[in-house]
Amino acid sequence: MQRKNFTEVAEFIFLGFSIFGNHQITLFVVFLTTYIFTLTGNIIVITVICIDRHLHTPMYFFLSMLSSSETVYTLVIIPRMLSGLIFYNQPISLGSCATQMFFFAMLAINNCFLFTVMGYDRYVAICKPLRYTVLMNKGVCARLVCGSFGTGLVMAVLHVMAMFTLPFCGTMVDHFFCDIYPVMKLSCIDTTINEIINYGVSSFVIIVPVVLVFISYILIISSILKISSVEGRKKTFATCASHLTVVVVHYGCAAIAYLKPKSENAIEKDLLLSVTYTIITPLLSPVVYSLRNKEVKDALCRAVGRISS
């Protein structure tokens, strides 16, 4: 009889934002608007970088990879979330849930390591400018991007295989997508091994990139302080500060969501954190990294000028 219970669950139902009751329509409008801006910003960044030869440099190559990754990342989660705000209690099959979790984990981890790669790129550009073209040639850039993607792929496979070998008894997911902990709670058996695997993977993909990013920026700041021009220091500091803002928000929310003690789980706080790293951060990235950048804005003006002429 116990075995039968293990095999009965064929689909899950997202509770999503049901705890907010009548405010779900307001949330739908806010999230839809944000999502449109996010998609538009990322598509503009990708298009402008592709068509303007002035932006065919390592820094903008990494930016285009980040924007592409975040575009797919949001497509995996947000459309179903928006649908759930209008049509309540929509089911998702175990196969679809596993697919969503796989792409979410792969792209989220890919983004973590892309931030690290971008920090390294800025370190080389500022601290070793004379060797920049040698150290960041096309082959190196391609390997760094493939390394980020490959790490995400391996970790995602590990997560999903460990998760979906579990038997499930519950069907109601206290979330708006198939995230790891909310799905794990539905298992019929002890999940200690899965929690150890998840904590180990999460620690690796959060702590290692954070350490590398901050080492890069410490070295960058030490180089900036040697710049004789006050205006030059201000401009470079402003750029680094805006980049670090996105990094802190991204890694900070991820660390709180996946490295906090199990006893501290709270549905409202988890939903807020998830909204931050699935909706807010993908919107911040194109704005901070690209659309506030003079070179990107000039390239956008050139593209618009060509179209209008």
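Numbering the bonded cysteines of the chain in sequence order, what is the pairing? The pairing is 1-3, 2-4, and the stops below begin with the bonds behind it.

Before selecting anything, note that this is a predicted model, in which local features need pLDDT of at least 70 and side-chain atom pairs count only at pLDDT 80 or more, while totals for chains, interfaces and linings use all residues. Residues are numbered from 1 along each chain as its sequence is written, and side-chain values use heavy atoms, with hydrogens and water left out.

**Stop 1: the disulfides**

Two disulfides are found in the structure, a disulfide being a pair of cysteine sulfur atoms within 2.5 Å. Select Cys 97 and Cys 178, whose sulfur atoms are 2.0 Å apart in one of these bonds; the torsion about the S-S bond is -125°, and the link is left-handed. Cys 97 lies in helix H4, whereas Cys 178 is in the loop between strand E3 (172–173) and helix H7 (180–184), so the bond ties together parts that are 81 residues apart in sequence. Helices (H or I, at least four residues) and strands (E, at least two) are DSSP runs, numbered from the N terminus. Cys 97 has a relative accessible area of 0% and is buried, and Cys 178 is likewise buried at 0%; here buried means under 20% relative accessible area, exposed over 50%, and partly exposed in between, with a 1.4 Å probe and protein chains only.

Now select Cys 169 and Cys 188, which form a disulfide with their sulfur atoms 1.6 Å apart. Cys 169 sits in the loop between H6 and E3, and Cys 188 in the loop between H7 and helix H8 (192–224), so that the pair, 19 residues apart, links distant parts of the chain. The torsion about this S-S bond is about 120°, so the disulfide is right-handed. Both ends are partly exposed, Cys 169 with a relative accessible area of 41% and Cys 188 at 26%.

Cys 141 is buried, with a relative accessible area of 4%.

**Stop 2: helix H4 and Arg 122**

Select residues 94–127, which make up helix H4 and include Arg 122. H4 has 34 residues and reaches 49 Å from its first C-alpha to its last, close to the 50 Å expected at 1.5 Å a residue, where the expected span is 1.5 Å times one less than the number of residues. The helix is mostly covered, as 25 of its 34 residues are buried.

Leaving aside neighbours within four places in sequence, Arg 122 is in contact (heavy atoms within 4.5 Å) with Met 59, Tyr 132, Tyr 217 and Ile 220.

**Stop 3: the largest cavity**

Which residues lie nearest the centre of the largest cavity? Select Phe 104, Ala 108, Ile 109, Val 205 and Tyr 258, which lie nearest its centre among the 16 lining residues. The elements that give two or more residues to this lining are H4, H8 and helix H9 (230–259), and H4 gives the most, with five. About 210 Å³ of space lies in this cavity, and a search of the whole structure finds three cavities of 30 Å³ or more.

On a 1 Å grid over the protein atoms alone, a cavity is a set of points where a 1.4 Å probe fits but cannot get out, a pocket is an open set with protein on both sides within 12 Å along at least five of seven lines, and lining residues have an atom within 4 Å of a point. Grid points are joined across faces, edges and corners, and a volume is the space filled by probe spheres set on the points.

**Stop 4: the second largest pocket**

Select His 56, Thr 57, Pro 58, Phe 61 and Lys 138, which lie nearest the centre of the second largest pocket among its 13 lining residues. About 230 Å³ of space lies in this pocket. Helix H3 (58–86) and helix H6 (138–163) each supply at least two residues of the lining, and H3 gives the most, with four.

**Stop 5: Asn 198**

Finish in helix H8 by selecting Asn 198, which counts as buried at 1% relative accessibility. Leaving aside neighbours within four places in sequence, Asn 198 is in contact with His 159, Ile 180, Tyr 181 and Met 184.
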